[in-house]
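Colleague: I would like to learn how to read a model like this one. Could we take a few features in turn?

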Amino acid sequence: MEILLILGIPLLGGLLLALFGCRKWAPELNAAMSFGTFLASLWLTARIIAHGPITAYQEQFFIDPFNVFLVTITAFVALTTALFSSPYMHNEAAHGKLSPNRLRLYHSMYQMFTFTMLLALTTNNMGILWVAMEAATLTTVLLVSLYRTPASLEAAWKYFILCGVGIAQALFGTILLYFAAEKVLGAGGNALLWTHLDAVKTQLEPTVLSLAFVFLLVGYGTKTGLAPLHNWLPDAHAEGPTPISAVLSGLLLNVALYAVVRSKVLVDGALGTHFAGNLMMGFGLLSLVVAAFSLSRQKDIKRLFAYSSIEHMGIITFAFGMGGSVATFAALLHMTMHSLTKSAIFFAVGHAAQKSGTQMMESIRGLIKTNPTIGWGLALGTLAILGMPPFGVFASEFMIITTAMHEHAWATPFILIALGVAFAAIFSKVQTMVFGETELPRLPHPPALVPVFAHLALVLLLGLYIPPYLANWYRQAAALIG
Amino acid sequence: MSAILPLDLVSAVVVIWLALAVLGLVAQASPRFVTNFIFPLGACASLVLLAAAFSALGGTPDIAVLPLGLPDLPFHLRLDALSAFFLLLLGAASFGISLYSAGYFRTMDKGTLGLLCFEYHLFLASMVLVMLADDAYMFMVAWETMAISSYFLVTTDHKIPEIRSAGFIYLLVAHVGAIAILMCFGVLQGGHGDYTFATMRNAHLTEFWASITFFLALFGFGAKAGMLPLHVWLPEAHPAAPSPVSAMMSGIMLKTAIYGILRVSFDLLDMQLWWWGVLTMSLGLLTALYGVLFAAVQTDMKRLLAYSSIENIGIILVGIGLTLVFHAFHKDALAALAITATLYHALNHAFMKGLLFLGTGSVLHATGERNLGKLGGLIHSMPKLALLVLVGALALAGLPPLNGFVSEWLLLQAFLLSPGLPLPYLNMLVPVAAAALVLAAALAGYVMVKFYGVIFLGQPREKRIEKAHDIGIWEQLGLGWLALGCLLLGIFPVFVIFNIDHVTRTLVGQTLGSTPAQTGWLLLTPIHPERASYSPLILFAIVVIGVLFTIFVVKKFYHGRLRRGPAWDCGFPEQTARMQDTAEGFGQPIRQIFKQFFGVIREVPSPFDKKPHYHGETRDLLWDWGYLPIARLAETLSRLAGKLQHGRIPIYLLYSFVTLLALLVFVR
Amino acid sequence: MAFSQQLINLFAALLLLIAFAMLSQRRILSLINLFAMQGLMLTTSTAIVAWSSHQHHLYYSAALTLIIKVIALPWLLHRLIRKLNVKWDVEPMINIPSTMLIGLALVVFSFNLALPISQLAGTITRSTLGIAMASVLLSFMMMITRRKAVPQVIGFLAMENGLFFAATSSTYGMPMVVELGIALDVLVGSFIFGIFFFQIRETFDSLDTRHMEKLKED
Amino acid sequence: MSYSGLLLQLFQDALVVLIAPLLLGWVNQCRAWLQNRSGAGVLQPYRNLVKLFHKDAVLANNASPLFRFTPYILFSGMWLAAALVPVIATDLPLSPAVDVIALVGIFALARVFISLAAMDIGTAFGTLGARREMLVGFLAEPALLMVFFTASAISQSTSLVTIVETLAHRQFVLYPSLAFAAVAFVMVMLAENARIPVDNPATHLELTMIHEAMILEYSARHLALVEWASAIKLLAYITIGIALFAPWGIAEASNLEALPLALAALFLKLAVAGASLALLETLSAKLRIFRVPEYLGTAFLLAVLAMLVHFLLGA
């Protein structure tokens with residue numbers, strides 16, 4: 001029932017907004033739909049925590065602590081982003097950047113995107129997971145090119161081609177997985193159901209699975225933004241509307257990584273070696289380093305934070321790769337924190353950019369003076385994402401780095417350098433935007449800063465105190481992943 | 001209900017400070033309330049902290065667990081002798097600084113003041129938590145909160161680009177250091193996510209891993225302390241901050257790094273290798289010499305003090321290094337002597353540097369001038385300040401009978417007694433190290449004469465400085481407290497050491513050879529009266545009696561006729577105050593002698609210039625040799641990384657293709 | 001070897017041949033025709049697999065392939081070409097012979113890779129996995145070497161063909177839900193491609209992706 | 001603490017204050033003789049002091065209290081230093097209060113005060129003198145400490161009394177380390193007491209002077225105290241030298257009978273030392289001020305070498 005609601009509300013919302021998305025109240029409807037989804041996800045979460053994993057509709061859907069936690073984040077960030085997007089879109093419309101038709105497309109696709117994300121998370125079928133991921137690409141492609149500027153078209157095209165090709169590799173991986181599973185589970189629908197695969201994972205053919213994992217990793221890794229498959233990511237983040245950058249960074253990357261992790265569980269079971277983990281660690285470190293060094297030459301504020309997303313995906317991938325209860329726990333925590341913080345930053349960035357009429361960092365100055373809330377939101381958000389305690393990002397980085405030092409000490413110099421470089425690059429730029437003098441006017445519509453500070457407050461809270469039930473939930477999820 | 005434990009009191013102080021922080025933010029509309037109420041109240045909390053820490057020094061460690069933090073890892077608190085000692089330092093120094101702040105921040109504008117009050121008290125509270133933390137996570141949280149809050153304090157005046165860049169460098173170095181500390185805890189942890197210090201104490205590491213841990217700790221904490229070559233942020237950040245904040249950073253925050261090094265190397269690690277000590281000592285000596293040389297050539301008074309802080313941190317590190325050497329060779333009595341000197345110096349430095357930074361704050365407030373080249377003669381317009389700062393300057397110069405001398409004396413004693421180490425080379429190294437240390441200490445005198453003489457003595461170099469107003473009552477109280485501390489710590493060393501002994505015992509397992517009970521309170525005899533003894537009280541008394549006696553005799557037997565006249569003008573009547581020797585001139589001999597160490601940029605006018613212009617600048621060569629190449633390397637690498645983002649779809653697809661093929665080959 | 005298996009092998013070989021042909025093809029219209037032909041091969045081989053292994057749902061797959069890949073998509077592409085008035089030749093970035101050589105190496109590589117796996121397959125079509133992989137890689141290669149938007153898209157669709165072939169030949173097809181989903185995605189994707197062609201054309205006056213190299217690090 | 005000790009301490013206190021000008025007079029007289037002049041007589045410093053004490057003091061308009069206070073500090077500081085050195089007996093009740101390091105500290109204290117006072121008026125000479133004085137100081141001070149450390153290393157103590165007792169009652173052994181230390185000590189002593197080759201107490205030539213430049217603004221009783229303090233400082237240094245390198249003949253603890261003999265020995269040693277000082281000064285030429293750091297650096301290195309030699313040779 002809850003699953004039906006979770007998937008039904010955004011789907012319905014997508015259809016409704018396709019009809020009414022150009023109305024004045026469309027942003028509010030969008031937020032209301034997202035709110036409904038969020039409530040449904042809370043309901044589902046409560047049930048999972050109380051009763052443990054469930055399957056539904058002939059095992060086509062499967063909810064365990066791992067994905068329900070992502071479902072909650074997804075629904076929550078989708079809600080706050082919808083809240084943020086309402087004044088943002090009003091402002092954009094007021095500036096004449098978007099026509100009513102575009103707004104309709106935006107709102108409809110926003111809900112559809114939420115739907116695909118939630119479908120990818122809740123489905124039990126590895127094939128449907130693929131379908132949902134591809135659908136997510138398709139919906140967001142239209143959102144990235146929303147402004148129809150040459151740059152946004154270019155970004156969307158690159159996004160489309162690169163992710164399309166990438167995800168095609170994932171399909172090949174899925175086929176190989178099916179190929180291996182079919183011999184154990186027999187042909188038919190069950191051979192792609194994750195629950196069944198998980199049950200027989202030790203009997204799956206290791207050679208096939210390792211090959212499958214390569215394809216899956218390259219495929220879903222493209223969507224996760226792992227270097228060197230990350231090239232679409234900064235473009236897509238920078239050129240789309242800011243709410244979309246927020247959900248891309250906060251949700252899509254997570255869900256793609258979720259797919260990788262699900263595959264890793266199977267491969268680990270089949271191979272009994274650390275093959276998948278090693279690959280993920282390698283990709284994670286490479287992404288971390290490449291992103292860190294890419295940061296310093298950025299001029300566009302959204303590109304800057306897009307690279308920061310790559311960096312953090314690198315860290316999370318690395319942590320999942322390390323495995324073990326602490327690292328996996330930390331990776332899950334980091335996923336949460338990154339989603340919350342990065343979307344908060346994009347909210348603040350969106351307002352800052354809207355205010356100055358440009359995304360070029362050299363033109364954004366003195367935010368603390370003209371609009372202290374945006375300024376502080378950006379400053380604190382940046383400090384949080386850079387891993388400064390007491391914000392929660394630090395909590396997970398703490399566990400990841402200490403565990404890495406204990407178990408894979410060779411990797412830590414890279415982490416140290418990358419984090420240091422990233423800090424220098426991001427902070428030096430943000431500092432000049434936040435501080436200093438400026439003479440910019442105020443915005444026509446007051447910005448929605450509740451989402452920014454709600455996210456930051458959550459991140460701060462989780463940095464200082466993780467409630468036991470939340471911790472248990474993470475722990476269960478970590479135990480599932482292993 | 002049992003009696004109130006010191007730990008409860010300390011925690012209460014943290015809560016009070018946090019509450020005051022928030023209150024300051026809420027009440028920012030009323031600046032008078034903030035300055036006249038919140039800051040003095042914060043000072044009272046400092047006193048409570050002082051008392052609690054003092055009572056905790058001799059007691060058994062208190063432990064508490066807070067239901068915060070990571071799952072499986074609630075915040076562990078522990079108040080043992082080491083943390084009590086540093087809390088004592090914090091309480092004592094912050095009491096004076098907070099009192100002073102009540103007066104100093106009067107003129108600040110509303111919004112900034114509220115924020116500043118918030119950050120200030122958060123900074124204080126986080127430093128307490130650093131000392132209390134008994135698990136790695138809480139330590140790091142407190143540590144970085146300290147960094148962030150102080151960063152925002154440093155950038156209070158963020159409209160000035162130099163201040164922004166100073167803040168940036170500060171936070172960057174702090175962050176990199178913090179990651180190193182984090183990695184250090186990573187080695188120490190027991191695995192399975194157990195990060196409590198209790199577990200770390202019981203862990204047994206191999207020599208290799210223990211050394212790695214130590215280096216990471218030295219690097220991480222050294223970055224915070226301003227150890228060479230990680231000191232670059234310090235001379236930028238300290239001058240940029242408002243003076244009470246500089247005082248707090250220099251006087252207290254640097255000591256948290258010292259605390260960290262001591263905690264890791266003597267408490268958490270279960271072995272100490274002698275060559276760690278040699279390394280620490282060498283770095284400390286370099287730091288001390290480097291700091292003092294640069295202090296001697298500075299023309300900005302706060303930069304001068306910042307470099308002097310580097311010097312003092314160097315001296316403290318030398319002490320730690322010496323302790324490590326002794327402890328590694330199981331010469332515990334000597335180790336006790338060295339660690340006592342170290343801790344004593346840390347305590348002293350908090351007082352003296354706090355006092356001096358606050359003093360520069362008052363000067364800045366009264367004259368609006370930081371450049372030594374424009375000050376002068378303030379002893380006439382600000383006599384109270386001049387007297388109080390003189391105490392600090394003499395103490396920092398390491399002169400008896402003030403406190404700076406005592407700790408240097410103890411440290412030199414430790415050096416002198418070091419022969420007898422099993423390694424001959426080490427025995428040879430020790431006198432050289434002692435010589436370098438003595439050189440640094442002597443140069444400190446040079447620096448302080450320059451500092452005090454140029455600011456307070458002579459004639460005002462600018463007209464407007466003559467009208468500088470003296471300090472108000474809050475400032476007097478704050479400065480007076482710190483000056484009193486300098487004096488008392490200087491003349492009652494036995495009492496101080498008696499209390500430091502608790503810490504010494506926990507760190508190296510032994511205390512100084514003699515106790516006050518054996519030799520009385522008057523005489524400081526670290527090992528044996530035959531070998532060395534020092535009594536500042538007697539010395540002080542004799543000097544005072546001597547002065548009084550001389551004055552008395554002179555007054556008694558000779559007439560006191562006195563007349564005032566102009567100073568001798570060397571036969572050149574057109575002299576003005578601007579023609580006095582400047583701070584730069586005062587530093588010139590040092591620059592001349594040690595010119596290899598400085599990057600000197602000078603524009604000297606030719607004799608025929610119509611408008612002669614002189615410009616002199618002394619650069620930190622480590623910037624050019626160490627940091628700029630690193631920055632350039634990072635730049636090059638980032639250009640390479642940028643090349644990845646080539647803009648062409650086929651290239652991107654090729655990456656993907658090659659990655660896929662490579663992985664497939666790898667799988668095969 | 002059963003006759004049906006021989007047939008499947010034959011069609012697999014033809015598929016690979018067409019992939020090579022596409023790699024070397026300069027004219028865009030022929031490229032579309034080749035793509036349609038590849039779709040036809042796919043349909044036929046799927047039908048044969050369905051017939052020989054009595055997997056009835058594969059008939060649906062074959063029908064779906066026929067409708068989408070042989071009829072709908074080529075028709076759509078032809079219309080687009082006419083509408084957009086693109087008649088130019090396709091200019092590959094690497095010259096054709098070297099492309100072919102690399103392609104050959106890729107085929108050898110994928111056969112090698114697939115060999116141990118094919119041994120494990122229980123299906124009658126096991127030797128075709130290598131061919132499927134090779135055609136996927138060849139299409140990938142084609143996308144890399146082409147500059148214009150339309151051939152890139154055709155390469156992408158051809159890759160999809162290869163994947164589909166892998167699915168049918170090595171595993172008797174994926175579960176129906178999944179296949180439907182994939183088909184839907186392909187369809188929607190193609191529509192979006194179409195929209196994009198118009199938008200790109202409108203914005204850049206050309207479908208050459210060289211105009212779309214502005215977003216980069218300098 | 002014995003009464004005899006207390007008595008002895010008071011006696012020495014009085015003694016050093018009273019004979020310091022005499023020593024200065026003796027050195028000057030010897031110098032005059034060596035330079036073929038007849039000289040003003042050994043009592044001339046006393047006459048100078050009396051004359052200065054009778055004059056009216058003239059103070060610069062902007063002199064601060066620090067300026068007026070400094071001569072007293074200087075005088076009592078030097079007095080204390082001289083009173084602590086065991087010159088006639090080792091049983092000095094005050095000596096445990098101040099060891100060699102503290103002694104150096106007292107010298108440094110005096111130097112800092114006189115330098116500050118010199119900067120107080122704000123004339124070119126004062127600051128110049130202060131700068132040079134501190135320059136000399138920061139190099140001389142470590143050298144002096146290293147000399148002391150060498151002696152301390154031999155006697156395993158930094159207490160002057162213990163050092164003297166150890167050195168006075170050892171067998172006559174040549175310590176190579178002490179030889180190095182002695183050379184360094186003499187060099188430091190010349191520098192610290194504003195003698196040739198570092199400074200020339202007899203001129204007011206602005207290019208070279210150090211000490212005289214600092215006290216240029218002092219007059220009358222203040223100047224008298226400063227001059228007297230310098231004399232005591234010279235005495236203190238020479239007695240330290242004697243205590244370290246030629247302690248023979250010093251009276252044992254509470255042995256009043258040995259006192260006259262010790263006193264005689266002291267006067268003899270002072271006379272010899274003063275004469276040699278004069279000889280040394282006459283034979284050497286004044287250095288350029290920029291050469292002073294090299295000179296003092298040499299002294300410092302010699303002192304460090306002394307210490308190293310001690311550890312190397314065990315002697």
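Modeller: Start with burial: a residue is buried if 20 or more other C-beta atoms lie within 10 Å of its own. Keep in mind that this is a predicted model.

Colleague: How many residues of α6(C) are buried?

Modeller: In α6(C), 23 of its 23 residues are buried, and the helix is mostly covered.

Colleague: What span should helix α6 of chain C have?

Modeller: The expected span of a helix is 1.5 Å times one less than its number of residues. Helix α6 of chain C covers residues 149–171, so its 23 residues should span 33 Å. The end C-alpha atoms are 33 Å apart, which agrees. After α6(C) comes C:Tyr172, with a positive phi near 60 degrees.

Colleague: How many residues of chain C are in contact with chain A?

Modeller: On chain C there are 36, and they meet 38 residues of chain A. Helix α6 is among the elements of chain C that give two or more residues to this side. The largest share, 13 residues, comes from α7(C). By class, this side of chain C has 24 nonpolar, eight polar and four charged residues.

Colleague: Which residues make up the contact between chain B and chain D?

Modeller: Chain B gives 65 residues and chain D gives 66. On the side of chain B, α17(B) supplies the largest share, 15 residues. That side has 44 nonpolar, 15 polar and six charged residues.

Colleague: Which strand of chain D is joined to β3(B)?

Modeller: Strand β1 of chain D, residues 57–60, is joined to β3(B) by four bridges, and the two run parallel. Within this pairing, B:Arg563 stands opposite D:Val58.

Definitions and conventions. Residues are numbered from 1 along each chain as its sequence is written. Chains are lettered from A and ligands numbered from 1 in the order in which they are written. This is a predicted model: local features need pLDDT of at least 70, side-chain atom pairs count only at pLDDT 80 or more; totals for chains, interfaces and linings use all residues. Two residues are in contact if their C-beta atoms, placed from the backbone, lie within 7 Å. Ala, Val, Leu, Ile, Met, Phe, Trp, Tyr, Cys and Pro count as nonpolar, Asp, Glu, Lys and Arg as charged, and the others, Gly among them, as polar. Two strands pair if DSSP finds at least two bridges between them. A residue is buried if 20 or more other C-beta atoms lie within 10 Å of its own, exposed if 12 or fewer, and partly exposed in between; C-beta atoms are placed from the backbone.
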